[in-house]
Amino acid sequence: MDLLTPEALGILFAVGLLAGFVDSIAGGGGLLTIPALLAAGLSPAEALATGKLQSSFGSLSATIKFVRRGEVNPASMRTMILCTFVGAGAGATLVQMLDPSFLRDVIPILLIGIALYLLLSPKAGDVDAQQRIGEHAFALSIGTGIGFYDGFFGPGTGTFFAIAFVSLLGYNLRKATAHTKVLNLTSNVASLLFFIVGGHVLWTVGLLMGVGQYIGAQLGAHMVIRNGARVVRPMLVVASIVITVKLVWSDENNILREIFAAAVALAA
């Protein structure tokens with residue numbers, strides 16, 4: 001379709017708004033925005049780059065909301081922010097030179113594990129739990145690693161950050177979601193800067209969707225502050241499952257899809 005018609009722009013704005021709402025709660029907004037941008041006729045590089053522009057608005061919106069309500073203090077996260085920025089910049093640089101498709105075999109397995117963890121641990125994230133690693137170790141491993149992943153590929157970044165905060169630093173889901181948004185904003189901005197250098201950003205589309213993202217993220221962050229784990233846990237489970245299904249069934253060579261198909265054949 002023609003990308004700049006009122007109808008197309010209206011649809012992309014609505015997608016941005018919905019994605020901002022979902023992403024501020026559980027991550028996974030890229031599952032909505034990237035396919036929409038591709039369907040609108042953008043190349044994969046343009047879709048990824050423009051997606052970073054509009055998602056930056058959503059993560060900024062949610063971060064502002066959480067900071068104003070005293071849920072997170074970015075100044076106390078300096079090391080995490082720095083490591084995430086470096087990781088995301090490296091990922092965004094590399095993805096413009098390499099084919100990232102091999103990650104599709106790994107990510108669904110991780111996401112299935114996330115969904116099982118949340119489903120089998122119904123109290124996980126209701127209250128602060130035991131901290132398993134130090135914050136500097138967390139910054140170096142999780143900040144750099146997930147930051148790199150977000151710059152390189154992206155889907156589920158918010159989900160990964162949230163679960164890492166819960167399982168490794170012992171944060172409750174409300175606190176984890178607030179801290180996740182700070183690092184999500186960091187990785188989005190870092191990736192965007194490197195994509196701008198590469199010349200792949202479509203500014204009109206990205207800015208319009210960004211307005212929708214900003215509004216949606218404000219609504220989603222408000223829900224997290226009011227409801228905490230009660231709303232975040234179900235959204236994380238759904239996001240994990242949906243991202244997994246999307247990645248598995250969109251890639252005919254995915255190993256999980258091959259295993260599933262073999263199992264069905266044997267059962268028949």
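A nonpolar core is a set of buried Ala, Val, Leu, Ile, Met, Phe, Trp, Tyr and Cys residues joined through side-chain atoms within 4.5 Å. Buried here means under 20% relative accessible area. The structure is a predicted model.

**The nonpolar cores**

In the largest nonpolar core there are 38 residues. The residues with the most contacts inside this core are F66, M77, M80, F138, F165 and F195. At least two core residues come from each of helix 3 (44-68), helix 4 (78-95), helix 6 (135-152), helix 7 (157-169), helix 8 (173-198) and helix 9 (203-227). With seven residues, helix 8 gives the most to this core. Another core, of nine residues, lies apart from it, and L12, A40, A47 and M209 are among its members.

F138 is found in helix 6. F138 counts as buried because its relative accessibility is 0%. Not counting residues up to four places away in sequence, F138 touches M80, I133, G143, A164, F165, L168 and L169. Along the chain, F138 and F165 are 27 residues apart, and their C-alpha atoms are separated by 8.7 Å.

What does F195 touch, not counting residues up to four places away in sequence? The residues are L48, A49, K52, A92, V95, Q96, G151, H200 and V201. One of these, K52, also takes part in a salt bridge with D150.

**Salt bridges**

How many salt bridges does a search of the whole structure find? The search finds two.

| D150 | K52 | 2.6 Å |

In the pair of D150 and K52, the closest N and O atoms are 2.6 Å apart. This pair links distant parts of the chain, with D150 in helix 6 and K52 in helix 3, 98 residues apart. D150 has 3% relative accessibility and therefore counts as buried. K52 has 5% relative accessibility, so K52 is buried as well. Leaving aside neighbours within four places in sequence, K52 is in contact with D150, N188, S191, L192 and F195.

Is E71 buried or exposed? E71 counts as buried because its relative accessibility is 17%. R174 has a relative accessible area of 30%, so R174 is partly exposed.

**Helix packing**

Two packed helices are described by the angle between their axes and the distance between the axes. Helix 7 and helix 8 pack at an angle of about 130 degrees, and their axes are 8 Å apart. Helix 7 is therefore oblique to helix 8. Their crossing is right-handed. On the helix 7 side, the residues that meet helix 8 are T157, G158, F161, A162, F165 and V166. Their counterparts in helix 8 are L173, A176, H179, T180, L183 and N184.

Helix 3 and helix 9 pack at an angle of about 30 degrees, with 7 Å between their axes. Which term describes helix 3 and helix 9 relative to each other, and why? They count as roughly parallel because angles under 35 degrees fall in that class. The crossing of helix 3 and helix 9 is right-handed.

**Helix 2 and the chain as a whole**

Helix 2 covers residues 30-39, and L31, T33, A36 and L37 in it are buried. G41 follows helix 2 and has a positive phi, near 110 degrees.

The secondary structure of the chain comes to 11 helices and zero strands. Of the 268 residues in the chain, 50% are buried. Among contacts with a separation of 6 or more, 83% are between residues 24 or more positions apart.

Key:
Residues numbered from 1 in each chain as written. Predicted model: local features only at pLDDT ≥ 70, side-chain atom pairs only at ≥ 80, totals over all residues. Heavy atoms only, no water. Buried < 20%, exposed > 50% of the residue type's maximum accessible area, 1.4 Å probe, protein only. Helix = DSSP H or I, 4+ residues; strand = E, 2+ residues; numbered from the N terminus. Contact = heavy atoms within 4.5 Å. Salt bridge = Lys/Arg side-chain N within 4 Å of Asp/Glu carboxyl O. Axes fitted to C-alpha atoms, helices over the stretch in contact; angles between N-to-C directions. Parallel < 35°, antiparallel > 145°, perpendicular 65-115°, else oblique. Left-handed = near helix turned anticlockwise from the far one by under 90°.
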